[in-house]
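Student: Hi! Could you walk me through this one? I'm new to it.

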Amino acid sequence: MSSTQARREMSRLDVIRLLAFSMLLLLPATSGAQQLPPIAEQMAKTYGVDSFGQIEAIRYTWNAELPGAKLSNRWEWKPKTDTVSYEGKDKEGKLIQVTYQRSQLASQSDAIKNEIDPAFINDQYWLILPFHVVWDGATVTTDGTQKLSLSGGSAERIVVKYSSDAGYEPGDTWELYVGADRRVEEIVYHRGGSKPPKLVVATYADHKKAGPLLISTDHRGTFDGKPLRVWLSDISVKTTGSEDWINAQ
């Protein structure tokens, strides 16, 4: 399969958007939201949610490998202005470099609205998924210690359920398996809609510190039974009051 065909196949399967949601929420849940289980709050704190306000910019490259296809998207994101810079390739393999503000999506090109921004949302969820557990207003519950699908160990399970009118596909459900150190060890994604992939299972490994943030950089598992690897590279952050980029290590 050629790289162009592979990219078309990926688009057909919606793999690039398997974690996407229709709207990126950047603020903690409001006071009227449900009371979160303590382990969910502890997990988010472990990953640095309380320090997210210090982040002026984040750079990272999202990479994916699965049968017949490899993808790589490079991003720079300024959360306070929701400004996104993207470098990657289109379906024909042509290099694309763009910068846009997500508040002005309506005035952007179809490529940005329909391809690049959904890819940004997808990739950003791989970057800071634990934060969205406490940000997005989904129903969050726990059901005790459960066995892990990939490693054979066990961890406490957090279940994140989106309503029938929220999420990229209505009714999406996440399972996050959290260890005693309050780091995520494994994630499971159940798609609420009919499009594939219906089930994604992946590790949450190779944690690195980027300034005040803790980030899992390597994810290996399956999507609908097929091998999947997603990894993040070239991660760095810029914090308030500094012009220096801090590399993840």
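## Starting from one residue

Tutor: Happy to. Asp-143 counts as partly exposed, at 33% relative accessibility. Buried means under 20% relative accessible area, exposed over 50%, and partly exposed in between, with a 1.4 Å probe and protein chains only. This is a predicted model, where local features need pLDDT of at least 70 and side-chain atom pairs count only at pLDDT 80 or more, while totals for chains, interfaces and linings use all residues. Residues are numbered from 1 along each chain as its sequence is written, and side-chain values use heavy atoms, with hydrogens and water left out.

Student: Which side chain does Asp-143 meet in a salt bridge?

Tutor: Arg-157, at 2.7 Å from N to O. A salt bridge here is a side-chain nitrogen of Lys or Arg within 4 Å of a carboxyl oxygen of Asp or Glu. The two are 14 residues apart, with Asp-143 in strand S5 (residues 139–147) and Arg-157 in strand S6 (residues 154–161). Strands are DSSP runs of E with at least two residues, helices are runs of H or I with at least four, and both are numbered from the N terminus.

Student: And is Arg-157 buried or exposed?

Tutor: Arg-157 counts as buried, with 18% relative accessibility.

Student: How many salt bridges does a search of the whole structure find?

Tutor: It finds 13. One of the pairs is Arg-74 with Asp-234, at 4.0 Å from N to O. That pair links distant parts of the chain, since Arg-74 is in strand S2 (residues 69–78) and Asp-234 is in strand S12 (residues 226–239), 160 residues apart. Arg-74 is partly exposed at 31%, and Asp-234 is exposed at 53%. There is also a network of salt bridges linking Asp-82, Arg-102 and Asp-117.

Student: Let's switch to rings. How many aromatic pairs are there in the whole structure?

Tutor: The search gives nine. Rings of Phe, Tyr and Trp (its six-membered ring) pair if their centres lie within 6.5 Å; planes under 30 degrees apart count as stacked, over 60 as edge-to-face and the rest as tilted. Take Phe-52 and Phe-131: their centres are 5.8 Å apart and their planes are at 75°, so the pair is edge-to-face.

Student: Where do Phe-52 and Phe-131 sit in the chain?

Tutor: Phe-52 is in the loop between helix H2 (38–46) and strand S1 (55–66), and Phe-131 is in helix H3 (residues 110–135), 79 residues apart. Phe-52 is buried at 9%, and Phe-131 is buried too, at 1%.

Student: What other ring does Phe-52 pair with?

Tutor: Trp-135, edge-to-face again, with 5.1 Å centre to centre and 65° between the planes. Trp-135 lies in helix H3, so this pair ties together parts that are 83 residues apart in sequence. Trp-135 counts as buried, at 4%.

Student: Nice. What about a hairpin, say S10 and S11?

Tutor: Strand S10 (residues 205–210) and strand S11 (residues 213–223) are antiparallel, with five bridges; strands pair if DSSP finds at least two bridges between them. Ala-210 has Leu-213 as its bridge partner. Two residues lie between the strands, and Gly-211 takes a positive phi near 60°.

Student: Last one: how many helices and strands does the protein chain have?

Tutor: Three helices and 13 strands. Of its 249 residues, 49% count as buried.
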